[in-house]
Amino acid sequence: METVLQSIHFRKVFYLVSILLIILLFAIKYTLIPIIDHREALPKKILRRILDTLIAVLIAGLAVGALLFWMSGNE
């Protein structure tokens, strides 16, 4: 596991995939639900919360991954 965390290629792929997924989720969120309406339907509220949760999980994963990469050092 230590050698995988130290691999520069793995780090680049991890960050690239994570950032692309975050951009994709933001694009999906703001094309499907472009404005915030306090009287929106229940399915839209649920969809908005699911997308917000996925975005937050990905950002937290980026932070944890950065911490693990920093602690493991470089090749």
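Colleague: Where does Ser7 lie?

Modeller: This is a predicted model, so to speak plainly about cut-offs: local features need pLDDT of at least 70, side-chain atom pairs count only at pLDDT 80 or more, and totals for chains, interfaces and linings use all residues. Residues are numbered from 1 along each chain as its sequence is written, and side-chain values use heavy atoms, with hydrogens and water left out. Helices here are DSSP runs (H or I, at least four residues), numbered from the N terminus. Ser7 sits in the loop between α1 (2-6) and α2 (8-32).

Colleague: Is Ser7 buried or exposed?

Modeller: Buried means under 20% relative accessible area, exposed over 50%, partly exposed in between (1.4 Å probe, protein chains only). Ser7 comes out at 17% relative accessibility, so Ser7 counts as buried.

Colleague: What does the side-chain oxygen of Ser7 reach at the start of α2?

Modeller: One polar atom of the Ser7 side chain lies 3.3 Å from the backbone nitrogen of Phe10. At the start of α2, a side-chain oxygen of Ser7 also comes within 3.4 Å of the backbone nitrogen of His9.

Colleague: Which residue forms a salt bridge with Lys29?

Modeller: A salt bridge is a side-chain nitrogen of Lys or Arg within 4 Å of a carboxyl oxygen of Asp or Glu. Lys29 is buried because its relative accessibility is 8%. Its closest N and O atoms in the bridge are 2.3 Å apart, and the partner is Asp52.

Notes
Helices (H or I, at least four residues) and strands (E, at least two) are DSSP runs, numbered from the N terminus. A polar contact is a pair of N or O atoms within 3.5 Å; within protein, one must be able to donate a hydrogen and the other to accept it, and residues adjacent in sequence count only if both atoms are side-chain atoms.
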